[in-house]
Amino acid sequence: MAAKVTIIVPIYNVEKYVRKCLTSLINQTYRDIEIWAVDDGSPDNSKEIVKELSGEDSRIKLIEKENGGYGSVLEYSIQHIKSEYFLICDPDDWLTDDAIQKLYGLAQRDDLDMVIGDRINIYGSTNEEVYVKVPENKYYKINPNMVYTKKNDIQKFAFSQPSPHAKLYRTQIARNIKFPKKVSYTDFVLYILSLADAKRIEYLPEALSYYYFDRPGNTATDLKATIINDYLVVWNSIFKQLQKKSGVDILYYRLYEQLKYSLYKYALSAPQPFDDEYTNQIFDAIVNLQNYRKNIKKVAVGSIRDKIVLDGFMNKHVYKIMAKKLVNKYNRQ
């Protein structure tokens, strides 16, 4: 009989961290779980550590596959797991002992498709711990301990942080999501497209996951010029899949905000912005989004300045000028 919750642990070059992660999962107070440690062709000793721990706890399953990137691990796992719910725990992170008990207990009590908890960021250089309220946005207030069922209210969670920390998903709403391969930031694909199909969601205001935020190789702090490619590949994947859905105006608006964030990262990482191989990709994404300008403007919030920038992006004559102005602004900050 299938476990109630599967915890997916993507494995790649994490031998320094994976033991602590898996130990936190073994120690969960809720016991009816299965732990899928999915080795994505990792060249280090991670697999041997998983094998050792699986010998001590049969709930740990080592799954080996050819390297395809984080997205390939998510797609394979979500398509094959048998449990009603799943959670992703990155191998350099760990959970509080009662994380699954609280997340799954709430999901069962209120018949939820998604449960969103808070997290604690750990900064490796100082061991500083910072509490992070995940659904925090100045324009879209998310109340704790309240079941959201209206489509627009559920989509407002899109402005929360998309990382997988302390997020429990009903497997069925994510089963058909397609993930791009061999790029980073694919947890954003999972989060946004799950919100598109979720019918019941709740915020649990407790930090249930620890995020090793600034470890070497962490994508959250990556400033290589090539990250703009990853951002755009992920963005286009979500955009393409959203076109098959209706009533997702707020999610299109979220993609607009993500494009602006991508420009911010572009400004920080590219030696010569708008003079490289990513220029046309950026402009193509903006043009594609302009097809949904009415949907976006209908739900957009913010200051007068924010609306001026939005108007510039949605105008087929001046969007290039607006994009370049934003990058120049970010470069001066």
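**Close-up views of a predicted model**

Once neighbours within four places in sequence are set aside, the residues in contact with Gln241 are Asn176, Ile177, Lys178, Val189 and Leu193. This and every other view below is drawn from a predicted model.

Figure 1. Gln241 belongs to helix H8, which spans residues 227-242, and its relative accessible area of 13% falls under the 20% limit, so Gln241 is classed as buried. Its contacts beyond the sequence neighbourhood include Asn176, Ile177 and Lys178, together with Val189 and Leu193.

Figure 2. Two or more lining residues are given by each of the elements H6 and H8. When the lining of the second largest pocket is sorted by class, there are three nonpolar, four polar and six charged residues.

**Figure 3. Asp230, a buried charged residue of helix H8.** Asp230, a residue that counts as charged, is also found in helix H8. Its relative accessibility is 14%, which lies under the cut-off of 20%, and Asp230 is therefore counted as buried. With neighbours within four places in sequence left aside, Asp230 is in contact with Val183, Ser184 and Tyr185.

**Figure 4. Buried residues of helix H3 and the elements around them.** Within helix H3, which covers residues 70-80, the buried residues are Gly71, Ser72, Val73, Leu74, Glu75, Ser77 and Ile78.

**Figure 5. Packing of helix H7 against helix H9.** A pair of packed helices is described by the angle between the two axes and by the distance that separates them. For H7 and H9, the angle is about 160 degrees and the axes are 11 Å apart. Because angles over 145 degrees count as roughly antiparallel, H7 is roughly antiparallel to H9. On the H7 side the residues that meet H9 are Phe188, Ile192 and Ala196, and their partners in H9 are Leu251, Arg254, Leu255 and Gln258. Sorted by class, this contact of H7 with H9 has five nonpolar residues, one polar residue and one charged residue.

**Figure 6. Crossing of helix H9 with helix H12.** Helix H9 (residues 249-269) and helix H12 (residues 304-313) have axes that come within 12 Å and cross at roughly 90 degrees. As the range from 65 to 115 degrees counts as roughly perpendicular, the two helices H9 and H12 are therefore described in that way. H9 contributes Tyr256, Lys260 and Leu263 to the contact, whereas H12 contributes Asp306, Val309, Leu310 and Phe313. Five nonpolar and two charged residues make up the contact of H9 with H12, and no polar residue takes part.

Figure 7. The residues that line the largest cavity are Tyr253, Tyr256, Glu257, Lys260, Ala300, Val301, Asp306, Lys307 and Leu310. At least two of the lining residues are supplied by each of H9 and H12, and H9 gives the largest share, with four residues. In terms of class, five of the lining residues are nonpolar and four are charged, while none is polar.

**Figure 8. The second largest cavity.** With a volume of about 30 Å³, the second largest cavity is lined by Ile88, Cys89, Asp90, Asp93, Leu95, Pro164, His165 and Ser209. This lining divides into four nonpolar, two polar and two charged residues.

Figure 9. Between Tyr330 and Val248 the separation is 82 residues in sequence and 29 Å in space, taken from C-alpha to C-alpha.

Note on methods
Residues numbered from 1 in each chain as written. Predicted model: local features only at pLDDT ≥ 70, side-chain atom pairs only at ≥ 80, totals over all residues. Heavy atoms only, no water. Axes fitted to C-alpha atoms, helices over the stretch in contact; angles between N-to-C directions. Parallel < 35°, antiparallel > 145°, perpendicular 65-115°, else oblique. Contact = heavy atoms within 4.5 Å. Buried < 20%, exposed > 50% of the residue type's maximum accessible area, 1.4 Å probe, protein only. 1 Å grid on protein atoms, 1.4 Å probe; cavity = no way out; pocket = protein on both sides within 12 Å on 5 of 7 lines; lining within 4 Å. Points joined across faces, edges and corners; volume = space filled by probe spheres on them.
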